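I'll jot down what I look up as I go.

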Amino acid sequence: MGAGLLFLVCAAAVPYSAEARQPYNGLPEIYKKGVNLVRQELTTHSRIQHRYLFLKTVGKLETEGGFGEKYIYHHFLLIPTWCPRGITESYPQRCQRSSYQPLDCVICYKAIADQIEDKPEPHIHCIQGQRLTEEMKKTRLGHYRNTIYHSGAPTLLALTAN
């Protein structure tokens with residue numbers, strides 16, 4: 001009886017763990033690279049002891065810039081977890097969710113051929129969800145608009161012939 005119950009619990013856990021990876025696995029490759037960049041940035045800080053797993057996308061903006069350029073704004077949530085070092089998105093079942101609230105994150109960047117460009121430098125902003133203010137939301141969108149504006153596209157439209 002106990003073995004049968006254990007089998008049922010394990011069988012139910014397999015679809016759940018596969019489902020937990022689905023939001024991340026469903027992202028386009030360039031969006032995964034942005035999420036990974038944010039996660040890498042968070043784990044390089046010595047004061048942060050959590051590992052972060054992708055929870056869901058809140059919003060996306062994407063602007064085509066010509067010549068294969070894309071300007072991407074990705075707003076998403078990360079779950080703080082306790083994981084052994086070396087655990088990735090492939091093994092979220094080996095991580096335990098911490099009691100902290102999800103992080104609300106935005107990354108704005110320029111991409112060419114599914115590679116994140118260094119110039120302009122990607123803008124990353126993460127904060128606990130309950131601390132996010134309307135002013136911060138406006139600032140985040142402002143960084144995205146500035147990235148597009150500095151690409152030169154608006155100035156080409158402003159040229160007039162004499």
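Which residues does Val 38 touch, not counting residues up to four places away in sequence? I found Phe 76, Leu 78, Cys 105, Ile 107, Ile 124 and Cys 126, where contact means heavy atoms within 4.5 Å.

Housekeeping: this is a predicted model, where local features need pLDDT of at least 70, side-chain atom pairs count only at pLDDT 80 or more, and totals for chains, interfaces and linings use all residues. Residues are numbered from 1 along each chain as its sequence is written, and side-chain values use heavy atoms, with hydrogens and water left out.

Next I looked up the disulfide (a pair of cysteine sulfur atoms within 2.5 Å). The structure holds one, joining Cys 105 to Cys 126 with S to S at 2.1 Å. Cys 105 sits in strand 4 and Cys 126 in strand 6 (residues 123–128), so the link ties together parts 21 residues apart in sequence. I noted that the link of Cys 105 and Cys 126 is right-handed, with 120° about the S-S bond. Strands here are DSSP runs of E, at least two residues, and helices are runs of H or I, at least four, numbered from the N terminus.

Buried or exposed, I asked of Thr 147? Thr 147 is buried, because its relative accessibility is 14%, and buried means under 20% relative accessible area (1.4 Å probe, protein chains only). Thr 147 belongs to helix 3 (residues 134–149). A polar atom of the Thr 147 side chain lies 2.8 Å from the backbone oxygen of His 143. I also logged that Thr 147 touches Tyr 71 and Pro 120, leaving out residues up to four places away in sequence.

Methods: Buried means under 20% relative accessible area, exposed over 50%, partly exposed in between (1.4 Å probe, protein chains only). A polar contact is a pair of N or O atoms within 3.5 Å; within protein, one must be able to donate a hydrogen and the other to accept it, and residues adjacent in sequence count only if both atoms are side-chain atoms.
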